[in-house]
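Colleague: I would like to learn how to read the features of a model. Please take them one at a time.

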Amino acid sequence: MKGEPLPAQSEGDINSTPLRAQWQSQHLDAASRALLERDNRVFLHQSVSTPCLSPIVRAQGVYIHDMAGKRYLDFHGNNVHHLGHGHPEVVVAIKAQLDELSFAPRRFVSERAVELAEALSRRFEAFTGHAGRVLFTTGGSDAVEVAIKLARMVTGRYKTLSFWDAFHGAGFGASSVGGESLFRHSRMGPMVPGTEHVAPFGCYRCAYGHPVDAQGQPDLQRCALACAAMVRYVLEREGDVAAVVAEPARAVPFIPPPGYWQAVREACHAHGTLLIFDEIPTGLGKTGRFFAAEHDQAVPDITVLGKALGGGVMPLAACVARADLNVAGDFALGHYTHEKNPVTAAAGLTTLRIIEREGWVEHAREVGAYALQRLRELQSRHPLIGDVRGRGLLMGIALVESRQDKRPAKAAAERVLSRCLSQGLSFKTTMGNVLTWTPPLIVSREQMDEALDILDRSLSEELRAA
Ligand SMILES: Cc1ncc(COP(=O)(O)O)c(C=O)c1O
């Protein structure tokens with residue numbers, strides 16, 4: 001990869017555009033500016049991280065509050081806030097665990113870590129039919145590395161196959177299977193060898209040129225799942241790929257066409273390749289099922305979870321693998337300092353308990369379906385919306401300059417985001433033009449309506465200003 005970074009799912013955030021300064025001039029007070037200036041001076045700058053838009057002082061439930069006193073519905077939350085920010089029960093469990101046992105040095109184990117691993121193993125088995133074994137890490141990127149190392153150990157192969165445009169974390173292994181130039185630019189030097197890529201599924205912008213109908217649906221008779229066929233083709237040609245590494249529903253977001261994962265699963269079986277699902281942002285109910293892959297009736301050999309697993313408070317991720325892949329006992333797959341930390345485990349256990357006890361997965365499915373229906377209605381009135389797609393509370397609204405040629409309306413997307421922020425709604429844009437909504441599972445129908453109304457108004461303002 002040479003030259004400038006290409007459009008990526010991480011691209012286009014208001015943090016990195018001239019609109020940031022304009023927005024700040026309208027909304028920030030002197031104290032906010034002073035803190036932003038300190039942030040700007042002390043942190044290494046990197047894309048969509050520093051410089052920042054605004055300092056926050058409070059995060060509770062669906063809302064974040066900035067220093068200038070503005071409240072935002074947080075429809076981004078880095079996907080950690082399934083239970084909302086600062087869930088009181090999670091916070092109490094963390095505090096209690098701190099009083100009881102705050103760390104488990106290597107060679108020792110805490111009951112909390114075992115309990116959480118057992119709970120995830122049960123969940124994995126209920127879905128895949130295989131008991132699971134678990135390794136914890138502090139971040140998702142590390143858990144992806146563990147999964148890849150394990151796949152190499154199990155298969156005796158080193159190659160992987162993954163998607164262009166995907167993000168799997170910032171470590172070298174994770175960046176190598178990722179497909180975003182922001183993270184794997186040639187100036188960063190060579191990536192891990194054997195990390196092959198294919199074009200991902202993404203029907204509205206099918207890499208194989210197949211059209212979709214007015215509802216954004218593919219004609220499967222015509223395209224014959226060319227995207228899945230390409231995965232099979234590469235696995236066959238290479239013949240020695242250890243694992244396919246992918247998000248079952250892409251975070252951009254793109255939803256797989258029916259039959260996609262079943263076809264890939266079969267191809268993996270046929271070629272002795274393991275299937276690793278990265279469910280770091282989409283697992284634990286975001287898509288309206290506990291595992292996002294449950295929608296597709298294709299079971300992975302290894303699943304990676306993270307983000308919301310720590311209750312939106314603690315950094316925690318997990319690699320959950322079929323128990324019969326437990327072949328690396330004499331080697332180190334992860335060995336992370338906080339691997340069996342009782343405090344992060346307490347946060348994880350409490351999170352799982354609340355999600356199950358209060359039926360948040362079903363709630364996400366219902367509110368998500370309602371929102372999608374309303375978004376389709378907005379699409380019928382706003383020509384800027386080229387495509388609406390989603391599953392549960394993972395939603396994408398693709399803005400285009402014209403529905404005919406689908407040219408991405410990147411500048412308009414930035415302005416719409418800016419208008420929404422001004423009216424108290426925060427979300428991210430992906431690929432520059434896709435308004436990406438990932439509200440917490442606990443979002444109410446009223447809060448969803450409020451967000452939809454803000455979007456509706458912002459799109460109308462954009463049309464009037466154009
Ligand atoms: C699909 C996916 N995989 C992996 C990661 C990396 O997780 P972390 O930032 O915890 O390392 C992310 C983070 O956004 C992600 O979205």
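This is a predicted model: local features need pLDDT of at least 70, side-chain atom pairs count only at pLDDT 80 or more; totals for chains, interfaces and linings use all residues.

Colleague: At what angle do helix α9 and helix α10 pack?

Modeller: Two packed helices are described by the angle between their axes and the distance between the axes. Axes are lines fitted to C-alpha atoms, for helices over the stretch in contact, and angles run from 0 to 180 degrees between N-to-C directions. Helices (H or I, at least four residues) and strands (E, at least two) are DSSP runs, numbered from the N terminus.
Here α9 (residues 226-238) and α10 (residues 260-271) pack at about 10°, and their axes are 9 Å apart. The two are therefore roughly parallel (angles under 35 degrees). Residues in their contact (heavy atoms within 4.5 Å) include Val231 and Leu235 of α9 and Ala263 and Val264 of α10. The contact residues divide into 10 nonpolar, one polar and three charged. Nonpolar covers Ala, Val, Leu, Ile, Met, Phe, Trp, Tyr, Cys and Pro; charged covers Asp, Glu, Lys and Arg; the others, Gly among them, are polar.

Colleague: Is Pro258 buried or exposed?

Modeller: Buried means under 20% relative accessible area, exposed over 50%, and partly exposed in between (1.4 Å probe, protein chains only). Pro258 has 54% relative accessibility, so Pro258 counts as exposed. Pro258 is in the loop between β7 (241-246) and α10. Leaving aside neighbours within four places in sequence, Pro258 is in contact with Leu220 and Leu225.

Colleague: Where is Thr160, and is Thr160 buried or exposed?

Modeller: Thr160 is in strand β5 (residues 159-163). With a relative accessible area of 2%, Thr160 is buried. Not counting residues up to four places away in sequence, Thr160 touches several residues, among them Ile148, Val177 and Val245.
Gln447, in helix α14 (residues 445-465), also counts as buried, at 15% relative accessibility.

Colleague: Which residues are around the ligand?

Modeller: A residue is near a molecule if one of its heavy atoms lies within 4 Å of it. The residues around the ligand include Gly139, Phe167, His168, Glu247 and Lys307. A polar backbone atom of Gly140 is 2.8 Å from an oxygen atom of the ligand. A polar side-chain atom of Asp278 lies 2.6 Å from a nitrogen atom of the ligand.

How values were computed:
Residues are numbered from 1 along each chain as its sequence is written. Side-chain values use heavy atoms; hydrogens and water are left out. Angles under 35 degrees count as roughly parallel, over 145 as roughly antiparallel, 65 to 115 as roughly perpendicular and the rest as oblique. A polar contact is a pair of N or O atoms within 3.5 Å; within protein, one must be able to donate a hydrogen and the other to accept it, and residues adjacent in sequence count only if both atoms are side-chain atoms.
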